[in-house]
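Open the model in your viewer and follow the stops below in order. Each one says what to select and what is there.

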Amino acid sequence: MFNIVSYLIFLAAASYITIDVGRRCYHAGKFYLEYLIHDKNLCLTINRILLGCYYLINLGYIAISLTSWDRIISFEQVVSVTAIRIGNIMLILCVLHYINIITLYLFRKNLTIK
């Protein structure tokens, strides 16, 4: 019973975080990409690819995460396990975001050097 409650809380929170962060990065990313790369069509294509990859990575992590939970026997474990899993997703999103920003910055820097 506790596992089901934990799964539902985790799925609701992970879905909200994934969709909200994806939407925000997609909209804000347009301006950042246009600043780095002065081709609007290329920027739109790159932004869509990044969003698709972002959703696939997160959905994959969520699916794998659901399969690896141990049996939860108390409400305290529900809170603890769910918080850890949500925290992991937030850390993964943060790392992916900064990797994307650094990669695009270095890409732009290499384009301007040539």
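**Stop one: helix α1**

Select residues 2-36, which make up helix α1: 35 residues that reach 48 Å from the first C-alpha to the last, close to the 51 Å expected at 1.5 Å a residue. Keep in mind that this is a predicted model. Centre on G29, where α1 bends by about 35 degrees. G29 is also one of the buried residues of α1, which include F10, I17, D20, Y26 and L33.

**Stop two: the largest pocket**

Show the largest pocket, which holds about 410 Å³ of space. Of its 21 lining residues, select C25, N47, L50, H97 and N100, the closest to the pocket centre. Next colour α1, α2 (40-67) and α3 (75-113), the elements that each give two or more residues to the lining. The most comes from α1, with nine residues. Coloured by class, the lining shows 15 nonpolar, five polar and one charged residues.

**Stop three: aromatic pairs**

The structure holds three aromatic pairs. Select Y7 and W69, a tilted pair at 4.8 Å centre to centre with 40 degrees between the planes. This pair links distant parts of the chain, as Y7 lies in helix α1 and W69 in the loop between α2 and α3, 62 residues apart. Y7 counts as partly exposed because its relative accessibility is 25%, whereas W69 is buried, with a relative accessible area of 9%.

Last, select Y54 and Y55, another tilted pair, at 5.3 Å centre to centre and 55 degrees between the planes. Which of the two is buried? Y54 is, at 13% relative accessible area, while Y55 is partly exposed at 26%.

Conventions
Residues are numbered from 1 along each chain as its sequence is written. This is a predicted model: local features need pLDDT of at least 70, side-chain atom pairs count only at pLDDT 80 or more; totals for chains, interfaces and linings use all residues. Side-chain values use heavy atoms; hydrogens and water are left out. Helices (H or I, at least four residues) and strands (E, at least two) are DSSP runs, numbered from the N terminus. The expected span of a helix is 1.5 Å times one less than its number of residues. The bend at a residue is the angle between axes fitted to the seven residues ending there and the seven starting there. Buried means under 20% relative accessible area, exposed over 50%, partly exposed in between (1.4 Å probe, protein chains only). On a 1 Å grid over the protein atoms alone, a cavity is a set of points where a 1.4 Å probe fits but cannot get out, and a pocket is an open set with protein on both sides within 12 Å along at least five of seven lines; lining residues have an atom within 4 Å of a point. Grid points are joined across faces, edges and corners, and a volume is the space filled by probe spheres set on the points. Ala, Val, Leu, Ile, Met, Phe, Trp, Tyr, Cys and Pro count as nonpolar, Asp, Glu, Lys and Arg as charged, and the others, Gly among them, as polar. Rings of Phe, Tyr and Trp (its six-membered ring) pair if their centres lie within 6.5 Å; planes under 30 degrees apart count as stacked, over 60 as edge-to-face and the rest as tilted.
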